[in-house]
Amino acid sequence: MDLNAIAFWTFSTLAVLSAIYVVFGKNIVYTVLALISTLIMVSGLFFTLGAELVGALQILIYAVAIVVFYVLVISTVPEYKGKPVDGKYMLLSIPFGFILFLELAYVSLYGAWQSATGIFDEKVINEIGNAKAVGTLLFTKYLFPFEVASLILLVAMIGAIIIGRKKEDVHQEA
Amino acid sequence: MSIPYEYYIVLSGLLMVLGLIGIIVRKNIITILISTELMLNSVNIAFVAFDMKLHDVAGQIFVFFILTIAAAEAAIGLGLIMAIYRLKKDVDVEKLTELKL
């Protein structure tokens, strides 16, 4: 058993265990901590796949920036008193989850055989590096979607400020 | 690459199903949003795994865009949750039923 296999089994087991706590856990603060654990394990899986740039971005954006949003909102909304999990939907969710899993398995296994393969095989990646390959494609072929992504972030920032603002100033003026 | 890519796809499907179960089962809006983050992550794993199978890097660029959309979604969604909490003083989906006839 080589190092890559050990890393895969460790990361995937911990990711699934943390995800189960994210779904069924009682305390919401522990739920967010389990989410951080899942995100870091998924980042480790990216590293075992050889995608270093995406793994580093996963830690920087997800496990730091997005989780901070959740912690801020949880600290302002008071503690949730009701039951965390609704029992009457539990039975309903099992067939839906099973159907979704079968569909995903069918589509992914049969789709991958019929796709065309690209030029970035292991030899090319070893020569120029993963970050350079991704960055070159991002800033040439996908340059316009990249700029649109920056516009989406700007709109989301303005929208979050306007939606989340307190309305007290408006009442004082009126 | 010693691990076959099917293992990563199975893991991705498992996380996707767990996220769906979380969305169906949970009652607090914030935990429903957290479950959607789980589903987005499972898609990311599938993209990177297929990249390694098909010798391409375009999937990792889509992972980059998914990260952008996830950040925008978290900002807007949590802003909406704050607005809903200020109006209704509650985050339970069973009690937010103004649109129900």
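Predicted model: local features only at pLDDT ≥ 70, side-chain atom pairs only at ≥ 80, totals over all residues.
Local features are given where pLDDT is at least 70 and side-chain atom pairs count only at pLDDT 80 or more, while totals for chains, interfaces and linings use all residues. Residues are numbered from 1 along each chain as its sequence is written, and chains are lettered from A and ligands numbered from 1 in the order in which they are written.

**View 1. Chain A as a whole.** Chain A has eight helices and zero strands. Helices (H or I, at least four residues) and strands (E, at least two) are DSSP runs, numbered from the N terminus. The radius of gyration of chain A is 21 Å, well over the 16 Å that the globule rule gives for 174 residues, so chain A is more spread out than a compact globule. That radius is taken over C-alpha atoms, and the rule is 2.2 Å times the number of residues to the power 0.38. Along the principal axes, the C-alpha atoms of chain A fill a box of roughly 65 × 45 × 30 Å. Of the 174 residues in chain A, 22% are buried. A residue is buried if 20 or more other C-beta atoms lie within 10 Å of its own, exposed if 12 or fewer, and partly exposed in between, with C-beta atoms placed from the backbone.

**View 2. Chain B as a whole.** Chain B has three helices and zero strands. Its radius of gyration is 17 Å, whereas a compact globule of 101 residues would have one near 13 Å. The box filled by the C-alpha atoms of chain B, taken along the principal axes, is roughly 55 × 25 × 20 Å. Buried residues account for 54% of the 101 residues of chain B.

**View 3. Helices H2 and H3 of chain A.** H2(A), residues 28–49, packs against H3(A) at an angle of about 170°, with the axes 8 Å apart. That makes H2(A) roughly antiparallel to H3(A). Axes are lines fitted to C-alpha atoms, for helices over the stretch in contact, and angles run from 0 to 180 degrees between N-to-C directions. Angles under 35 degrees count as roughly parallel, over 145 as roughly antiparallel, 65 to 115 as roughly perpendicular and the rest as oblique. By class, the contact of H2(A) with H3(A) has 18 nonpolar, three polar and one charged residues. Ala, Val, Leu, Ile, Met, Phe, Trp, Tyr, Cys and Pro count as nonpolar, Asp, Glu, Lys and Arg as charged, and the others, Gly among them, as polar. The residues of H2(A) that meet H3(A) include A:Val32, A:Leu35 and A:Phe46. Those on the H3(A) side include A:Glu52, A:Tyr62 and A:Ile74. Two residues are in contact if their C-beta atoms, placed from the backbone, lie within 7 Å.

**View 4. Helices H2 and H3 of chain B.** The axes of H2(B), residues 29–54, and H3(B) come within 9 Å and cross at roughly 175°. This makes H2(B) roughly antiparallel to H3(B). B:Leu33, B:Glu37 and B:Asp51 are among the residues of H2(B) in the contact, and B:Phe62 and B:Ile81 are among those of H3(B). The contact of H2(B) with H3(B) has 13 nonpolar, four polar and two charged residues.

**View 5. Where chain B meets chain A.** Contacts join 61 residues of chain B to 74 residues of chain A. On the side of chain B that touches chain A, H3(B) gives the largest share, 21 residues. By class, this side of chain B has 43 nonpolar, twelve polar and six charged residues. One pair of helices across the two chains is H3(A) and H2(B), whose axes come within 12 Å and cross at roughly 175°. H3(A) and H2(B) are therefore roughly antiparallel to each other. A:Val54, A:Tyr70, A:Val73 and A:Ile74 of H3(A) meet B:Ile30, B:Ile34 and B:Val48 of H2(B). The residues of this contact divide into seven nonpolar, no polar and no charged.

**View 6. Helix H6 of chain A.** In H6(A), residues 130–140, the buried residues are A:Asn130, A:Ala133 and A:Val134. They cover an arc of only 90° around the axis, which puts them on the same side of H6(A). The arc is that of the directions from the helix axis to the C-beta atoms. A:Thr136, A:Phe139 and A:Thr140 are exposed on the other side of H6(A). The cover over the buried residues includes H3(A) and H5(A), together with H3(B).

**View 7. A:Pro84 in its loop.** A:Pro84 is found in the loop between H3 and H4 of chain A. A:Pro84 is partly exposed, with 17 other C-beta atoms within 10 Å. Not counting residues up to four places away in sequence, A:Pro84 touches A:Lys26, B:Lys27 and B:Asn28.
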